[in-house]
Amino acid sequence: MRQYFVYIMSSINQTIYIGVTNNLVRRVFEHQQGAVKGFTKKYRCTRLIYYEIYSDVRLAISREKQLKSWRRSKKNTLIEELNPHWDELYPTLG
């Protein structure tokens, strides 16, 4: 069964990036290494601070779009409900 992840990356100064992937470990590593040009490389969003798991890619993409449309305060509340200190979650991935 495939898994899809909606995830939030953060920089040191809490600039955030929201994305979707089918391989969270690989994708976070790519962000951390600056392997992909774009927003996360430019703003150094290298810390995984939040993620959700889906079995349907359409639901994951829909959720990503929903989160991107939210105001920043609502995004912060979502993050802080599960990760109040914005801790790096990458080491906890299996």
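**Entry 1: arginine 44**

I looked up arginine 44 and found it in the loop between helix H2 (39-42) and strand E3 (47-54). The model I am reading is a predicted one. I checked the backbone of arginine 44 next. Its phi is near 55°, a positive value in a residue other than glycine. I noted that because most residues other than glycine have a negative phi. Is arginine 44 buried or exposed? Its relative accessible area is 65%, so arginine 44 is exposed.

**Entry 2: tryptophan 86**

I then turned to tryptophan 86, which sits in the segment after H4. Phi of tryptophan 86 is also positive, near 55°, and this residue is not glycine either. What about its cover? I read a relative accessibility of 4% for tryptophan 86. Buried means under 20%, so tryptophan 86 is on the buried side of that cut-off.

**Entry 3: asparagine 83**

I stayed in that part of the chain. Asparagine 83 lies in the segment after helix H4 (72-82). Its relative accessibility is 4%, so I put asparagine 83 down as buried. Which backbone atom does the side chain of asparagine 83 reach? I found the backbone nitrogen of aspartate 87, at 2.8 Å. I also looked for contacts beyond the neighbours within four places in sequence. Asparagine 83 has Ile49 and Leu89 there. Ile49 falls within the numbers given for strand E3 (47-54).

**Entry 4: the fold**

I stepped back to the whole chain. How many helices and strands does the protein have? I counted four helices and three strands. I wrote their order along the sequence as β-β-α-α-β-α-α. I looked at contacts between residues at least 6 apart in sequence as well. Of these, 62% join residues at least 24 apart.

**Entry 5: size and surface**

I checked the dimensions. The C-alpha trace spans about 35 × 30 × 25 Å along its principal axes. Why does the radius of gyration agree with a compact globule? A compact globule of 94 residues would have a value near 12 Å, and the protein has 12 Å, so the two agree. Buried residues make up 37% of the 94. The accessible surface comes to about 6,000 Å². Carbon and sulfur atoms hold 51% of that surface.

**Entry 6: charges**

I ended with the charges. The protein has 16 positive and 8 negative ones. I looked up how far apart their mean positions lie, and the value is 9 Å.

Conventions:
Residues are numbered from 1 along each chain as its sequence is written. This is a predicted model: local features need pLDDT of at least 70, side-chain atom pairs count only at pLDDT 80 or more; totals for chains, interfaces and linings use all residues. Side-chain values use heavy atoms; hydrogens and water are left out. Helices (H or I, at least four residues) and strands (E, at least two) are DSSP runs, numbered from the N terminus. The radius of gyration is taken over C-alpha atoms; the globule rule is 2.2 Å times the number of residues to the power 0.38. Buried means under 20% relative accessible area, exposed over 50%, partly exposed in between (1.4 Å probe, protein chains only). Contact means heavy atoms within 4.5 Å. Accessible areas come from the Shrake-Rupley method with a 1.4 Å probe; for residues, only the protein chains shown count as cover. Lys and Arg count as positive and Asp and Glu as negative; His and the chain ends are not counted. The place of a charge is taken as NZ of Lys, CZ of Arg, CG of Asp or CD of Glu. A polar contact is a pair of N or O atoms within 3.5 Å; within protein, one must be able to donate a hydrogen and the other to accept it, and residues adjacent in sequence count only if both atoms are side-chain atoms.
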